[in-house]
Amino acid sequence: MALRKMELHNILVSRLRAQSDASEEICNLIGEQTDGLVTERTFREEMARFRAEYLGEMNRHLRWLLTAGIALGGAMIALLTLIVTRL
């Protein structure tokens, strides 16, 4: 960010013939305003982190459902076997 402030300062002073102290103040104000902005890189990193977290949660739920389904299926097969052998 400091490099960009220097570039902006140089542009203001050399091309627009602004005073150096005014240019520095403008650069500081712009820097304060843009410090909280999200760049494309940080957005992609946050989205990748969210996607990994989301997929991890979904896998955990799917494993739980698969285990419950297998347990219920086994219980149904056991009951059907019990009923058929009792007849």
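Let me begin with Glu46, Arg49 and Glu53, which are linked in a network of salt bridges, a salt bridge being a side-chain nitrogen of Lys or Arg within 4 Å of a carboxyl oxygen of Asp or Glu. Please keep in mind that this is a predicted model, in which local features need pLDDT of at least 70 and side-chain atom pairs count only at pLDDT 80 or more, while totals for chains, interfaces and linings use all residues. Residues are numbered from 1 along each chain as its sequence is written, and side-chain values use heavy atoms, with hydrogens and water left out.

As for the overall layout, the chain has three helices and zero strands, where helices (H or I, at least four residues) and strands (E, at least two) are DSSP runs numbered from the N terminus. Buried residues make up 6% of the 87 residues, and here buried means under 20% relative accessible area, exposed over 50%, and partly exposed in between, with a 1.4 Å probe and protein chains only.

Returning to the charged side chains, the count comes to four salt bridges.

Which residues form a nonpolar patch on the surface? They are Phe43, Met47, Phe50, Tyr54, Leu55 and Met58, with about 590 Å² of accessible area together, as given by the Shrake-Rupley method with a 1.4 Å probe, where for residues only the protein chains shown count as cover. Patches are made of residues with over 30% relative accessible area and no salt bridge, like charges being joined within 9 Å and nonpolar side chains (Val, Leu, Ile, Met, Phe, Trp, Tyr) within 5 Å. Met58, for instance, lies in helix H3, residues 40-86, and is partly exposed at 33%.

Finally, a search of the whole structure finds one aromatic pair. The rings of Phe50 and Tyr54 have centres 6.2 Å apart and planes at 25°, so the pair is stacked; rings of Phe, Tyr and Trp (its six-membered ring) pair if their centres lie within 6.5 Å, and planes under 30 degrees apart count as stacked, over 60 as edge-to-face and the rest as tilted.
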